[in-house]
Amino acid sequence: MTIMTPSTTFQPVLERIAEEIERTPGRGRAADYIPALAACDPRSFGMAVAELDGTVHGVGDWRQPFSAQSITKVFTLALDLAREGDALWEHVGREPSGNPFNSLVQLEYENGIPRNPFINAGALVVTDRLHTRTGDASGELLGFLRAESGNPELTFDKEVAASESAHGDRNAALGHFMASYGNIDNPVPVLLEQYFRQCSVTASCADLALATTFLARHGIRADGTRLLTRSQAKQVNAIMLTCGTYDAAGDFAYRVGLPGKSGVGGGIIAVVPGRCTLCVWSPGLDERGNSVAGVAALDRFTTLTGLSVF
């Protein structure tokens, strides 16, 4: 094992991981309910590490844009938490769900309050509240990602958003059900349009690693301004650790030991507080919707470097 020191470069570690992943059989299957995602090669692989000064190291397809999907939930959570603080937690919980990310089961006996911000119901609540405060939740998200990544070309994928809308009946059901409990402010069709646009953001591993560094800086943005208090940044990281990889969060914490958030586009972001952030992408998913190669790569990263929160 290579224990990292402040002067150690990440590049050799990334190259070793890429070589190991290349030799690994069985990469899972790309998400098939969105045509643009189903067409991705499950053996594609990219990985980037962003240091707190903006230096980025990468390997493989680390500059290839992909569909961020649920990774964006981290950023909408941070943007809304920065605006309304603890009042948000009256509308969404902070506990792992133990159920699939699009489940309706818990909402009825928990009175329309989603278990956490990273299951679909919880993300809908956060997007709804951000939209109420900004008038354009998805636009606020995109502006933030462009600023933090330094890439003004980041945009939405209209094809992906349209595919999600065409297959969005369950998300619509979640929205209407929570609205019946008074936990949604905006008209559900407006909320769904914002949510599907949010999930359709395309970005590379380099972009997303850079955009996540505010969490490694304890709430400080790339320009030196503060988005979150130190305590709020801790809260977001904690929820990523316990809830960020659907109903496999316990296994992810066991294997990787970092706060992380995955998306069905095959990406995963992860945070080493005070040191760096990572993004890995490989479209082949396991049965719980997490990138097979992505989890394996992050597992190897923390093993090789000794960097984890434990």
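**Loops, sheet and charges**

Biologist: Where does His-218 lie?
Modeller: His-218 lies in the loop between α11 and α12. Those labels are DSSP runs, numbered from the N terminus: helices are H or I with at least four residues, strands are E with at least two.

Biologist: What are we looking at, and how are things counted?
Modeller: This is a predicted model, so local features need pLDDT of at least 70 and side-chain atom pairs count only at pLDDT 80 or more, while totals for chains, interfaces and linings use all residues. Residues are numbered from 1 along each chain as its sequence is written, and side-chain values use heavy atoms, with hydrogens and water left out.

Biologist: Back to His-218. What is its phi?
Modeller: Near 60 degrees, which is a positive value in a residue other than glycine. His-218 is partly exposed, with a relative accessible area of 24%. Buried means under 20% relative accessible area, exposed means over 50%, and partly exposed is in between (1.4 Å probe, protein chains only).

Biologist: What about phi of Asn-111?
Modeller: Asn-111 also has a positive phi without being glycine, near 55 degrees. The residue lies in the loop between α4 (105-109) and α5. Asn-111 is exposed, at 52% relative accessible area.

Biologist: Now the sheet. In what order do the strands come?
Modeller: Five strands form an open sheet, β2-β1-β8-β7-β6, with antiparallel pairing. β2 (56-60) and β6 (260-262) stand at the edges with a single partner strand each, so one side of each has no neighbour in the sheet. On average, neighbouring strands here are turned by 10 degrees against each other, direction ignored. Strands count as paired if DSSP finds at least two bridges between them.

Biologist: How many bridges join β1 to β8?
Modeller: Six, and the two strands run antiparallel. Glu-51 stands opposite Cys-276 in β8. On the β2 side, β1 (residues 46-51) is joined by five bridges, again antiparallel. There, Ala-50 stands opposite Val-56 in β2.

Biologist: And how do β7 and β8 pair?
Modeller: In the antiparallel sense, over six bridges. Ile-268 stands opposite Val-280 in β8. The two strands form a hairpin with three residues between them, and Gly-274 in the turn has a positive phi of about 80 degrees.

Biologist: How many residues of β8 are buried?
Modeller: Six of its six, so to speak a mostly covered strand. Cys-276, Leu-278 and Val-280 point one way, while Thr-277, Cys-279 and Trp-281 point the other way, and all are buried. In a regular strand the side chains alternate between the two faces of the sheet.

Biologist: Which helix lies across β8?
Modeller: Helix α14 (residues 292-305) lies across β1, β7 (267-272) and β8 (276-281), and runs at about 150 degrees to β8. Axes are lines fitted to C-alpha atoms, for helices over the stretch in contact, and angles run from 0 to 180 degrees between N-to-C directions.

Biologist: Switching to charges. How many salt bridges does the structure hold?
Modeller: Eight. The cut-off is a side-chain nitrogen of Lys or Arg within 4 Å of a carboxyl oxygen of Asp or Glu.

Biologist: Which side chain does Arg-133 meet in a salt bridge?
Modeller: Glu-84, at 3.3 Å from N to O. That pair links distant parts of the chain: Arg-133 is in helix α5 (residues 120-134) and Glu-84 in helix α3 (residues 72-84), 49 residues apart. Arg-133 is partly exposed at 36% relative accessible area, whereas Glu-84 counts as buried at 13%.

Biologist: What does Arg-221 form a salt bridge with?
Modeller: Glu-148, with the closest N and O atoms 2.7 Å apart. This pair too links distant parts of the chain, 73 residues apart: Arg-221 is in the loop between α11 (213-216) and α12 (230-243), Glu-148 in helix α6 (residues 137-149). Glu-148 is buried, at 6% relative accessible area.

Biologist: Which residues are linked in a network of salt bridges?
Modeller: Arg-16, Glu-20 and Arg-300.

Biologist: What does Glu-164 touch?
Modeller: Ile-34, Gln-69, Phe-196, Cys-199 and Ser-200, not counting residues up to four places away in sequence. Contact means heavy atoms within 4.5 Å.
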